Amino acid sequence: MKINTLFTSILMLILLSLTLTGCGFKDIDKRNFVLAVGIDPGEKEEYVKVNLKLAIPNAEKTKEVRDFTVITEEAKTIAEAVRIIKSRVDKEIDFGQLKTIILSEELLERDLQSVLDWFIRRRDIQQISYVALSKTDTINILQLSPKGEKIPSNNILLTFSTTGTKSSYVTTVQLYQLRRALVEKGTDPILPIIEIVQEKFRVNKLKIINGEKENMLDLTPEETKLFNSIFNEYKMGTIVIEGKLYFIVALDKMKTSYKLVTNTEKPYIKYDIIMKGFIEESETELKSESLPKYEKVTSKNMEKRVQNLFEKLQEAGVDPFGFGLRYRATHRGSKEEKMEKWNAIYPDIEFRVNVKAEITGTGIIE
Amino acid sequence: MRNSNVKVKLNQRLQESFKHNSDFIQKSYQIGSTNIDIFYLSTITDTKMFYSDIIEPSVSQDSSKVFKNKLSATEGFSFKEQPTIEASVQDILRGHMVILSDQWAGVFDCTLYKTLPLTETKVEKTIVGPQTGFSEDIDININLIRHRYHNNGLKIKDVSPKDQTTKMRLKILYDDNKVAPDLLDKLYEEMQSIQKDKFFQTAEELNQRIIEKNKNIFPTIMISERPDRIAYNIYKGKVVVLVEGSPFALIIPSTFMDFFSSMSDFYQPYWVSRFLKILRYLGLAISTTLPAAYVGFTSYNPELFKVELALSIAGSRAPVPYPSFVEVFLMLIMMEMLTEASIRLPKTIGPTATTVGGLILGQAATEAGLVSNIMIIIVASVAISNFVIPINQMSFAMRLEKYYLLLLTAVTGLIGLIVGLMSIILYLTHLSSMGNPYFKLTFSETPNYLKKGTYK
Amino acid sequence: MRRYFYYLILVNLFTNLVVYVPKILISHRYNGVLFSILIGTLLGLFLMYLFTSSMEKFPGRTQADIVSSHLPKWISSPYLFLVAILFFGTGYLILNAFIEVSKRFINPDMPNLVAAILFTSFVIAGAAVKSDRLLYFLEIILFFNLPLLLLVLVLAYINPFLSWDSIRTLIPQARFQISWESIGASCYTLLGFFYLATFNKFFSGKGSYLNWYRMILIGLLGLSIVLTSIVIPVGVAGIDGINSYVYPWISTTDSLQMEYGIIERVLFIFLFFHICISLIGATVSWHVSLDIFKAILPKIKFRQKNVTSYLVSFVFFVGVTTTSITLNIHQQLQIAKVYYISLIPASILSVALMYWIARRKRA
């Protein structure tokens with residue numbers, strides 16, 4: 001068997017197949033990169049307004065490359081709006097670089113899942129795009145270009161990603177996490193709220209949505225910070241202790257675990273937090289001999305605050321921590337049965353928070 | 001040594017040990033009442049003085065005693081009381097002449113060093129290590145190899161293809177203790193089948209004759225000008241073919257990895273040579289895939305770039321009127337022209353050509369908006385990384401491969417690039433070099449041709 | 001040479017990530033998929049032990065050779081024909097899944113026909129290469145792809161946003177309800193040993209393919225790969241949300257991020273792995289299929305040359321290209337399900353037959 005003839009004939013076949021193609025080839029300079037998308041409810045009922053932030057590439061190296069345009073279109077669905085926008089621009093619209101999705105808060109009154117459906121379905125939209133909520137029209141967010149921004153929409157990106165700034169106020173939610181929490185029974189999605197303050201973005205609030213029961217809860221910045229440190233086991237956070245003593249603990253270790261106990265008469269959740277840190281700032285003089293005392297104060301303080309947070313969530317009927325999912329994971333039965341039982345349990349469940357704080361030092365001064 | 005029996009035995013064993021060596025000479029003379037036998041290797045022994053000053057005057061008139069005295073007075077001659085076979089073989093391999101008579105034995109040191117016509121290696125340069133390459137004289141080349149391989153396992157055989165027109169002298173070198181017999185048989189067979197009317201006069205052409213039947217893209221037989229590489233490969237159990245008048249030798253069989261080894265790997269510290277090796281494969285990867293990858297990324301899947309890079313490429317490509325693959329193709333062809341031109345040009349003009357071509361042309365092309373800035377970077381890195389491959393034969397083959405990948409990618413995108421790469425690897429594994437696998441991940445298992453090897 | 005046997009096992013293990021296996025397993029996630037996986041893996045391991053120990057009795061011979069010399073022609077020929085068809089089916093399913101994936105995720109504008117021609121020609125060329133060279137090729141491809149797979153798996157497991165509670169939800173569902181589909185699919189991942197049908201001719205030395213600790217190792221590896229194939233998608237997309245993804249693994253890897261990598265989206269690393277493993281997996285199975293066809297089909301001469309293998313290759317080619325343009329993904333999935341279910345009796349039968357022949361030889 002002459003392999004070479006085979007190879008040659010295959011090469012011929014491949015070459016033959018070349019004549020069939022030609023599509024799919026689209027040069028990079030013939031594409032319009034969408035860097036951010038903002039979705040608002042439309043003027044008309046059931047309509048959506050889609051804002052696309054398109055980058056304009058610049059050949060001049062010396063100039064600051066921050067040219068962009070925002071194109072807005074209203075239609076019945078997102079896909080349709082995008083199709084209309086396509087007819088308005090000269091180049092192919094490419095969602096491959098889309099990293100930021102801003103949703104208007106008013107949109108939450110509709111079915112969030114159907115809004116997200118388009119984003120999930122498209123193959124070129126990254127599942128790791130960041131999603132945030134805006135209180136005002138999203139076009140304001142998209143059009144803001146803070147000073148020093150080299151690439152359009154880069155500032156929002158750096159805020160959310162870990163390559164840029166790290167702050168315990170910022171909650172990061174990626175598209176796939178949002179979608180998972182939305183669809184998964186027994187856990188509720190969260191969304192960070194992005195605002196414009198003094199020509200800069202600010203992200204320090206959080207909204208928790210319960211898809212079915214239409215419950216929503218806004219957290220204050222302080223609560224958001226606490227939420228982030230527990231939910232993401234955020235290591236870099238700080239805890240402010242107020243009262244007789246005033247000091248700030250900078251965390252460098254945060255470990256949480258919980259147990260769901262439902263076979264007792266009164267079901268409860270035993271929530272354990274182990275944290276480690278050092279004192280970063282203090283108004284009173286601190287002594288290293290009395291570290292155990294500070295540890296105790298910190299533990300008590302944290303326990304109370306976490307307890308309050310949990311109870312607030314419980315009261316609002318939202319479950320971002322996924323206690324319900326844990327219930328599903330540890331109990332037998334069909335999905336519907338379990339969810340029904342859980343919905344009966346959750347409003348009355350007791351939280352037993354147990355914080356073990358360890359303070360390793362008082363910083364580099366006493 | 002007073003026993004002629006020993007002499008006969010020694011004589012036989014020397015002949016036995018040097019059989020299949022066309023340059024091994026054994027001669028007998030009758031001087032007075034004694035028979036003397038002389039043994040030497042003609043390629044590394046300088047016999048002129050011995051014949052003109054000693055044998056010629058002595059053969060007819062001297063008695064054996066006078067002859068013996070005359071010898072002992074000659075510079076470089078010494079008697080051996082207890083000549084052993086091992087010592088004699090070693091002496092001959094060093095270029096000495098072994099002289100045996102019925103009563104005595106001796107060694108005459110008349111090593112031939114042919115250094116004058118040797119030049120520096122031109123193609124396979126190393127920074128440290130030996131600097132001389134083969135010359136165009138086949139005897140000098142054998143001289144060089146013998147001086148690097150003092151072992152009587154080394155055999156040098158004359159082969160003459162049956163129907164060859166030019167009647168070129170071909171010599172096959174191998175180490176008898178290491179080579180696999182079936183490899184030799186196969187090689188003889190190939191040599192015999194070289195066709196009647198085909199004209200050839202160099203090792204390179206012979207290489208083509210052997211390979212031609214398969215119409216390869218890749219070189220499956222290595223050509224080298226370095227005596228140290230040849231000696232190393234003989235030690236590794238391979239067969240070397242020398243052709244009269246050619247400063248290159250063929251190494252049979254060769255593997256793909258051989259083409260990425262430089263002799264300087266042996267002269268560098270372990271981690272340095274490892275690093276250099278990785279660098280070469282990296283160079284191979286860059287020079288073959290980069291142009292195709294550029295087309296695939298920019299025209300099919302720009303989402304693989306980071307935002308920053310995507311925008312800057314889009315910006316620099318904005319004034320370019322042609323699609324990316326035309327742009328790449330244009331620049332690559334220009335680069336090939338430049339490479340070819342600088343090979344042909346005399347040394348004095350060469351740098352000017354590359355400066356004019358590379359710097360000015362590249363600069364002007366971007367200014368004129370014919371190609372993008374990124375393209376210049378790509379073409380330059382392709383050209384440079386191609387030169388990292390130490391053996392020219394391979395870097396020429398790889399220059400070709402990038403067009404195949406470019407074509408596939410231009411039509412089917414990044415899938416084409418990956419399928420193309422896989423098909424190249426498949427093709428390489430499919431190839432054989434004289435019946436041995438050409439491309440494998442490891443050759444750690446003893447391959448066929450080393451089975452007989454005894455080295456540890 | 002013995003290490004090549006493990007490559008064959010490995011390549012089959014990995015192809016399960018790229019074909020319909022995860023999809024089938026996920027569709028049974030509410031009714032005891034973990035138990036089915038366990039049964040499927042054990043079954044696969046047991047068959048592996050029987051088959052390899054029978055093949056060891058015939059060093060240096062292919063299955064076609066053994067069967068046709070020990071059985072009358074009227075049994076051996078139809079049997080071998082069936083085996084060859086099943087091997088063809090493996091490659092066929094891999095290729096079809098791959099054509100769909102490449103069209104959907106890499107180059108959406110490429111017509112199915114072009115993709116089919118491109119991939120099928122490669123696979124046919126690979127299948128025509130000599131068996132030992134194909135093993136070398138397999139080794140090289142695995143060498144480049146193992147680190148990639150490892151990277152993807154590590155990134156997947158260390159992802160702090162992996163929902164372990166969703167994964168744990170799989171466990172209480174693991175009642176003793178079993179589904180043949182998921183047993184077949186998870187058993188399939190360990191069936192790489194069947195490639196010995198052809199490649200046994202290179203393993204001529206003494207010694208056995210397996211001993212007890214290698215069996216345990218392969219079993220654990222197989223089990224962990226099959227479990228991973230369902231655990232990671234469930235952890236990333238949620239147990240309720242995963243079902244709506246047509247390609248769970250691809251959508252899953254798109255949710256992974258490598259912020260400091262050259263390529264930020266792990267999806268593309270996985271796609272690279274996907275392409276390589278699909279092509280090599282299809283190549284190996286078609287090579288075996290072609291080999292068996294060559295042994296049983298009559299030699300057809302054309303200009304003094306035996307063109308049987310060309311003809312068979314052409315049939316393969318036509319088979320893939322036509323179905324790639326006529327069938328849609330759901331029909332393909334149906335075919336895959338039927339194939340995996342039929343694989344269980346077929347492989348048990350095949351192994352039993354080989355075992356019987358080996359026993360008879362010893363007696």
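1. Helices α11(B) and α13(B) are oblique to each other, because their axes cross at roughly 40° and angles under 35 degrees count as roughly parallel, over 145 as roughly antiparallel, 65 to 115 as roughly perpendicular and the rest as oblique. In this predicted model, α11 covers residues 324-344 of chain B and α13 covers residues 373-386 of chain B, and the two axes come within 10 Å. Axes are lines fitted to C-alpha atoms, for helices over the stretch in contact, with angles from 0 to 180 degrees between N-to-C directions. Helices (H or I, at least four residues) and strands (E, at least two) are DSSP runs, numbered from the N terminus.

2. The crossing of α11(B) and α13(B) is right-handed, that is, the near helix is turned clockwise from the far one by less than a right angle. From α11(B), the residues B:E327, B:V328, B:M331, B:L332, B:M335 and B:T339 meet B:M375, B:V379 and B:A383 of α13(B). Contact here requires C-beta atoms, placed from the backbone, to lie within 7 Å. Seven nonpolar residues, one polar and one charged make up this contact of α11(B) with α13(B). Ala, Val, Leu, Ile, Met, Phe, Trp, Tyr, Cys and Pro count as nonpolar, Asp, Glu, Lys and Arg as charged, and the others, Gly among them, as polar.

3. Chain A has domain 1 (26-219) and domain 2 (220-366), with bounds from an automatic or database domain assignment. Their centres, taken over C-alpha atoms, are 31 Å apart. In the contact between them, domain 1 of chain A places 19 residues against 26 residues of domain 2 of chain A. On the domain 1 side, β8 (200-210) and β9 (215-219) of chain A each supply at least two residues; β8(A) has the largest share, five residues. That side divides into six nonpolar, seven polar and six charged residues.

4. Chain C meets chain A through 37 residues of chain C and 35 residues of chain A. Elements giving two or more residues to the chain C side include α5 (73-106), α6 (112-128) and α11 (212-237) of chain C. The most, eight residues, comes from α6(C). The chain C side holds 18 nonpolar, 11 polar and eight charged residues.

5. On confidence, the model scores ipTM 0.91 and pTM 0.86.

6. Residues are numbered from 1 along each chain as its sequence is written, while chains are lettered from A and ligands numbered from 1 in the order in which they are written. Local features need pLDDT of at least 70 and side-chain atom pairs count only at pLDDT 80 or more, whereas totals for chains, interfaces and linings use all residues.

How values were computed. Contact = placed C-beta atoms within 7 Å.
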